[in-house]
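Trainee: Before we start on the ring contacts, please put the model up.

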Amino acid sequence: MATAVFMPKLSMTMETGTVIQWFKQEGDLVREGDVLLEVLTDKINIEVESYSTGTLLKIYYGPDQVVPVNQVIGYVGEASEVVPDIAPSAEPHSSTEATEVQNEQKENHETRERESVGQKIRATPVARRIAKDNEIDLSLVNGTGPNGRVQKVDIEQAVAARSAKPISTQPETTTEPRSRKVKVEGMRKVIAERMAVSANTAPHVTLSTEADMSQVMEVRSTLLPTIEKMTGHRLSYTEIIMKAVATALSRHPKVNASLKDDVIELHETINVGLAVAVTDGLLVPVIKQADRKGLADLTTETKRVAGLARDGRLLPDDMRGGTFTISNLGMYAIDVFTPIINQPESAILGVGRIHEKPVGVNGQIVLRPMMSLSLSFDHRVMDGAPAAAFLQEIKELLESPYHLLA
């Protein structure tokens, strides 16, 4: 009997998934564990593997189609078997079976992310897509990722090497402006949709202030060798800012909240998301229970998830359960910006660069390392005064960071 392939449900909040591409076509032979297709969900691309061996008999949904979870999206079975011409509706009795199968898929996927897979060519979903678009044979590309995993940069280098050609000495004969069109799809499409929904549904108000980072610089300089010895990583300002934010959230529970169906949910757990820029967009891995972690643990965890994000190896659980987000653009020499809230959270903190500027201190103008902080909050959830008190708490913690070590 033919085995159905379902749209997997990989998080509690996931209601739909988007088909990115199929790696097999109807009529192809597949083995258990072969990657059938790539699905976009929760801002992350997931490879869906076959859990049976046979022939891919039917594909019901193509690239860019949005499909409800637990929906049948294809069949694998004997070549002579007959399957429906149109996708069957999801039936209640199939939900349990689908969930079991999807859990198995998820476990297999996560296991395979961490273990060797023998002869299978390891490649990130992005790398596979670019390789397909440019007709690059993955088996001929040397992967520079963990366990030889082929990464995007490897494919880009392969494309560049193939495209290399002598520079023409002939002058350009056309005066028409050149351009190229990039289809909005995948992660870019999800980000576009979610930011538009957030901006159009949540009335954003942004407050800004500046923090004197003199003492933070002292604390970081003092703790650098100790934390590097403990963790193997260098303590950055991001971890100190995250510690201040998590501490402030514990003292201002109204900010650690979400609005859904006219109900404000005050979260008892403080999970801080950190916006990480990647080549194709933006990911927000989550540091769970950040308020309970010291600077060493925050350094280890932040470096771990940021590295996974940049390598395209984040798992759904790494991005699940965020209650507040930090977006730091200080490394780009940005002073102030107005970040858009990562729904369903109710606020987000934008962090600017640290730079010396003249400030008044005890009647004297002196140079101090100042850093801007911008808090965008959902005015449906809270008003200006409690939001301002929260931002003030962060500023005071950063200007007296030794209190964070208590």
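Trainee: Is Phe390 buried or exposed?

Mentor: This is a predicted model, in which local features need pLDDT of at least 70, side-chain atom pairs count only at pLDDT 80 or more, and totals for chains, interfaces and linings use all residues. Residues are numbered from 1 along each chain as its sequence is written, and side-chain values use heavy atoms, with hydrogens and water left out. Buried means under 20% relative accessible area, exposed over 50%, and partly exposed in between (1.4 Å probe, protein chains only). The relative accessible area of Phe390 is 0%, so Phe390 is buried.

Trainee: How many aromatic pairs are there?

Mentor: Rings of Phe, Tyr and Trp (its six-membered ring) pair if their centres lie within 6.5 Å; planes under 30 degrees apart count as stacked, over 60 as edge-to-face and the rest as tilted. Tyr60 and Tyr75 form an edge-to-face pair, at 6.2 Å centre to centre and 80 degrees between the planes. By the rule, the count of aromatic pairs is 2.

Trainee: How many residues apart in sequence are the parts that Tyr60 and Tyr75 tie together?

Mentor: Strands (E) are DSSP runs of at least two residues, numbered from the N terminus. Tyr75 is in strand E8 (residues 72–77), while Tyr60 is in the loop between strand E6 (54–59) and strand E7 (66–68), so the parts tied together are 15 residues apart.

Trainee: What is the relative accessibility of Tyr60?

Mentor: Tyr60 counts as buried. Its value is 13%.

How values were computed
Helix = DSSP H or I, 4+ residues; strand = E, 2+ residues; numbered from the N terminus.
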